Amino acid sequence: MSDKSTGVIRSVIAGCGSALPQRIMTNADISKIVDTTDEWIVERTGIKARHIADDSETTRTLGVDAARKALAHAGLEAGDVDLIIVATSTPDQTFPATATLIQADLGITRGAAFDVQAVCSGFVYALTVADAMMKTGQASCVLVIGSETFSRILDWTDRTTCVLFGDGAGAVVLKAETHPDSQQSPGILVTRIHSDGRFHDKLYVDGGPSTTKTVGHLRMEGREVFKHAVTNISGVMDEVMKEAHVAPADVNWFVPHQANRRILEGTVRKLGIREESIVMTLDRHGNTSAASIPLAFDVAVKDGRIAKGDLVLFEAMGGGFTWGAVLARY
Ligand code: ACO
């Protein structure tokens with residue numbers, strides 16, 4: 001919905017927050033479980049440590065923690081929220097949606113709450129859905145949360161996957177505001193999501209309620225994922241920048257999904273991005289799937305790097321394959 005005379009509805013990022021489990025597992029810790037070394041993991045991925053949830057920490061509790069911090073940062077109350085979208089592939093239960101559990105924990109009884117499942121692209125998908133609902137007047141204050149406990153679905157005997165992932169949550173609060181229809185106005189400018197299910201068996205979980213009746217474990221053909229990652233990610237980043245008529249040099253901060261330093265370096269080279277403009281947290285968080293973008297965003301906002309008015313590009317690729325990007329002025 002837009003009225004060019006008075007402005008357009010923009011989904012403005014009003015606040016952010018994040019939460020990490022207490023326990024830190026270093027590469028040295030992992031090398032006591034599987035046949036690996038700190039050198040191999042750092043050289044191939046850039047990861048040095050990750051947080052691992054204990055039994056009391058779940059996707060729900062981490063998500064609630066991140067959401068509360070995001071609301072406080074935005075100066076808003078839980079009662080202001082009329083939509084909660086949680087991006088996760090590791091829900092507390094098969095159903096109901098973790099979003100409804102978080103809604104109850106926050107004491108919210110109005111509006112709607114649901115989960116989206118696009119694996120590592122989940123947060124970009126959730127932002128896209130939230131923005132569409134704001135622009136069509138179906139919501140005015142949205143909590144978008146990425147929360148994951150991937151440690152629960154890892155095969156801790158498989159060194160090719162268990163070294164890569166970690167647990168955590170990040171959240172942003174989006175507020176519908178009317179602004180002039182300009183690229184300089186705050187809020188989400190462009191969203192793009194894609195999927196190609198032909199690659200569903202390159203990165204998947206080998207269980208589920210309807211098949212094995214178990215939760216299953218993550219399986220991945222790492223090289224195959226790697227091969228497609230740079231092409232898909234740089235392609236969709238290019239799409240959103242072209243749509244918004246901006247060049248890589250105009251973007252203040254790239255906040256990518258934190259999967260692998262080498263994927264990011266490849267993307268940087270392909271698009272000619274300044275390396276200093278990339279927010280990288282994978283060294284201490286590992287790959288936290290749908291949580292990795294809002295976690296990295298929160299770190300860079302709170303340490304003062306990302307400031308109001310900056311142009312920020314989020315991007316991700318994950319199982320499915322799914323991929324997407326969102327360009328926003330903070
Ligand atoms: N420690 C030591 N050696 C290992 C380990 C480990 N943890 N894992 C694999 N190896 C060995 C392999 O067995 C192999 O040994 P071999 O040559 O004797 O057979 C050797 O290391 C090389 O294995 P590759 O799989 O070819 O290593 P590669 O350089 O491709 O790195 C990696 C593997 C890091 C998984 C890489 O393929 C990758 O990052 N892929 C992208 C996957 C990804 O990021 N997925 C995250 C989810 S999707 C997303 O978010 C984009």
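1. A polar side-chain atom of His-257 lies 2.8 Å from an oxygen atom of the ligand. The model is predicted, and this distance is computed from it.

2. At Arg-159, a backbone N or O atom lies 2.9 Å from a nitrogen atom of the ligand. At Met-317, a backbone N or O atom lies 3.3 Å from an oxygen atom of the ligand. On its own, the ligand has 1000 Å² of accessible area, and the protein covers 75% of this.

3. Next, the make-up of the shell.

4. Now the strand pairing around β8. Strand β2 (residues 7-19) and strand β8 (residues 167-179) run antiparallel, with 11 bridges between them. Within this pair, Ser-18 has Gly-170 of β8 as its bridge partner. Strand β7 (residues 141-149) is also antiparallel to β8, here over nine bridges.

5. A separate point concerns the four-stranded sheet. This sheet is open, its order is β9-β14-β13-β12, and its pairing is mixed. β9 (187-195) and β12 (253-256) each have a single partner strand and stand at the edges, so one side of each lacks a neighbour in the sheet. On average, neighbouring strands of this sheet are turned by 15 degrees against each other, direction ignored.

6. β9 and strand β14 (residues 322-329) are antiparallel and joined by eight bridges. Gly-187 stands opposite Arg-329 of β14.

7. Two peptide bonds deserve a look. The bond from Phe-95 to Pro-96 is cis, with omega near 0 degrees. Pro-96 sits in the loop between β5 (83-87) and α4 (98-105). The bond from Gly-320 to Phe-321 is cis as well, with omega near -10 degrees. Phe-321 belongs to the loop between β13 (311-318) and β14.

8. A further backbone point is Val-119. This residue has a positive phi of about 50 degrees, although it is not a glycine. Val-119 lies in the loop between β6 (112-116) and α5 (122-135). Why list such cases? Most residues other than glycine have a negative phi, and most peptide bonds are trans.

Methods. Residues numbered from 1 in each chain as written. Predicted model: local features only at pLDDT ≥ 70, side-chain atom pairs only at ≥ 80, totals over all residues. Heavy atoms only, no water. Pairing = 2+ DSSP bridges. Helix = DSSP H or I, 4+ residues; strand = E, 2+ residues; numbered from the N terminus. Axes fitted to C-alpha atoms, helices over the stretch in contact; angles between N-to-C directions. Polar contact = N/O pair within 3.5 Å; in protein donor to acceptor, adjacent residues only side chain to side chain. Areas by Shrake-Rupley, 256 points an atom, 1.4 Å probe, with all protein chains shown as cover.
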